[in-house]
Amino acid sequence: MKTIIFIGTNKSGSSREAIRAAERLGYFTVLFTNNEKQIRQRKEYIDVHEMIFVDTTQLAAMRKEIRMLISKGSVIMTIASFVDSHVSKASQLCAEFCPNGTSYKSVAIMENKAQTRTFLQGLPYSPKYITVSPKARLNAKTLESLPGFPLIVKSASSTGSKDVLQATDLEQLQRHIRKLTEKNPEESIIIEEFIEGEQYLVEAIVHDRKLHIAGIIQQEITFGKRFIITGYGVLAYVPKQLNNSIKQVLESIIEKFDIQNGVMHVEMRQTDDGWRLIEINPRISGGAMNNMLKAAFGFDLVEETLKLYLGQRPSLVQKQRNFVFTQYVIVEKKGILEKVTGKKRARNSPGVVEVYVKPKKGTQLTPPLSMGHRYAYIIAQGRTMELAKGLAKKAAEEIKFHLKE
């Protein structure tokens with residue numbers, strides 16, 4: 001029985017769509033999860049053929065389950081994860097049980113922001129930064145290699161904007177460090193320059209060391225207690241100069257990490273002095289990204305990623321070209337969700353491709369402290385980016401979360 005093992009999944013988004021793609025491709029799907037809620041909701045995961053409760057933080061525990069599957073006749077074709085905290089573990093286990101030419105060592109570096117900064121230090125797109133231990137005492141001398149406030153402070157393993165903070169002075173910086181240290185006492189902390197400029201996200205696949213760009217996406221950031229991305233605009237047509245300059249940065253990253261086969265998304269800001277790297281992640285973006293690219297170009301990136309992991313040649317041939325904008329919906333105050341209205345009106349709005357609302361009645365909603373606090377999204381197509389953006393934002397206005405305090 002040809003089997004694909006997935007380590008972790010969210011209920012929706014790219015990680016879940018990857019499991020559905022595996023089923024579509026004719027593979028037996030196995031999910032390793034340490035999420036008890038998923039075990040309780042087993043019937044809601046019909047695309048998962050076998051769900052195994054296991055400690056996904058422990059390689060030894062997962063190795064035992066993999067050997068048990070093999071002893072029962074499973075032929076493990078690949079082991080994958082589309083969830084940020086499990087990608088390097090999946091890559092390592094794949095190298096042990098079903099090698100596919102991906103390098104788990106480079107994936108592990110990319111998963112740690114401090115290691116990534118150190119690895120790329122000195123390259124023209126790498127921002128100025130320092131790494132400090134949680135118990136370090138800061139003073140002006142410690143920060144003298146940085147350009148001055150404002151500064152960004154974040155945990156080395158932060159994901160989804162959860163532990164990324166802005167500091168406008170030394171006192172606030174010290175408060176942020178104390179807060180991050182309380183949360184992760186052993187975790188090193190990165191302090192880096194604040195970079196101004198338009199932010200872009202690039203989705204890419206590397207096959208036989210060759211770069212294939214799946215999409216270049218402009219990002220809209222909402223500035224609150226965290227930097228939360230609430231808008232994504234997929235460029236149907238990319239200006240040549242922009243495309244070439246992005247390719248140059250990504251090809252440099254591929255060469256530096258010595259990537260033969262792999263997947264990544266890269267966030268960068270365009271400054272007057274060229275590109276500055278915000279972060280690299282060794283996976284497709286979560287949330288609506290796969291469906292955004294499908295609406296823009298007609299291919300399924302998670303399916304093509306699986307083909308890469310299976311040793312096949314991925315194809316990112318564009319079947320269409322649409323400008324696509326995705327608007328996420330957040331709330332401005334905390335409360336318990338009583339009901340959601342406007343979903344049908346949003347779905348029937350011009351240009352809308354998809355409407356997704358995550359929380360159920362009784363869920364506590366909060367203003368965003370991470371990407372996980374985005375509660376709905378609307379994907380819209382248009383002949384131009386301005387039109388797609390306008391249609392998505394107008395439809396998003398229909399979605400109302402009715403809360404009780």
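1. Helix 4 has its cover from several sides of the chain. Strand 1 (2-7), helix 3 (59-71), strand 4 (75-80) and helix 5 (104-111) are among the elements that cover its buried residues. Those buried residues are Val87, Ser88, Lys89, Ala90, Ser91, Leu93 and Cys94. The helix itself runs over residues 87-97. Note that a lysine, Lys89, is on the buried list. Please keep in mind that this is a predicted model.

2. Now the overall fold. The protein has twelve helices and 19 strands. Its C-alpha atoms fill a box of roughly 60 × 50 × 50 Å along the principal axes. A compact globule of 405 residues would have a radius of gyration near 22 Å; the protein has 21 Å, so the value agrees with that expectation.

3. Burial and contacts come next. Of the 405 residues, 55% count as buried. Take the contacts between residues at least 6 apart in sequence: 66% of them join residues at least 24 apart.

4. The largest nonpolar core holds 43 residues. Phe6, Phe82, Tyr232 and Leu293 touch the most other members. Helix 9 (residues 289-297) gives the largest share of this core, six residues. There is also a second, separate core of 33 residues, including Phe257, Ile259, Met264 and Met385. In soluble globular proteins, nonpolar side chains tend to be buried together.

5. Leu293 deserves a look in the viewer. Leaving out residues up to four places away in sequence, Leu293 touches Glu203, Ala214, Gly215, Ile217, Val234, Gly298, Phe299 and Leu301. Leu293 is also one of the core residues that touch the most other members.

6. Is Gly215 buried or exposed? Gly215 is buried, because its relative accessible area is 3%, and buried means under 20%. Gly215 sits in strand 10 (residues 210-223). Beyond four places in sequence, Gly215 touches Leu201, Val202, Glu203, Leu293 and Phe297.

7. One distance to check by eye: Gly215 and Asp258 are 43 residues apart along the chain. Their C-alpha atoms are separated by 22 Å.

Technical notes: Residues are numbered from 1 along each chain as its sequence is written. This is a predicted model: local features need pLDDT of at least 70, side-chain atom pairs count only at pLDDT 80 or more; totals for chains, interfaces and linings use all residues. Side-chain values use heavy atoms; hydrogens and water are left out. Helices (H or I, at least four residues) and strands (E, at least two) are DSSP runs, numbered from the N terminus. The radius of gyration is taken over C-alpha atoms; the globule rule is 2.2 Å times the number of residues to the power 0.38. Buried means under 20% relative accessible area, exposed over 50%, partly exposed in between (1.4 Å probe, protein chains only). Contact means heavy atoms within 4.5 Å. A nonpolar core is a set of buried Ala, Val, Leu, Ile, Met, Phe, Trp, Tyr and Cys residues joined through side-chain atoms within 4.5 Å.
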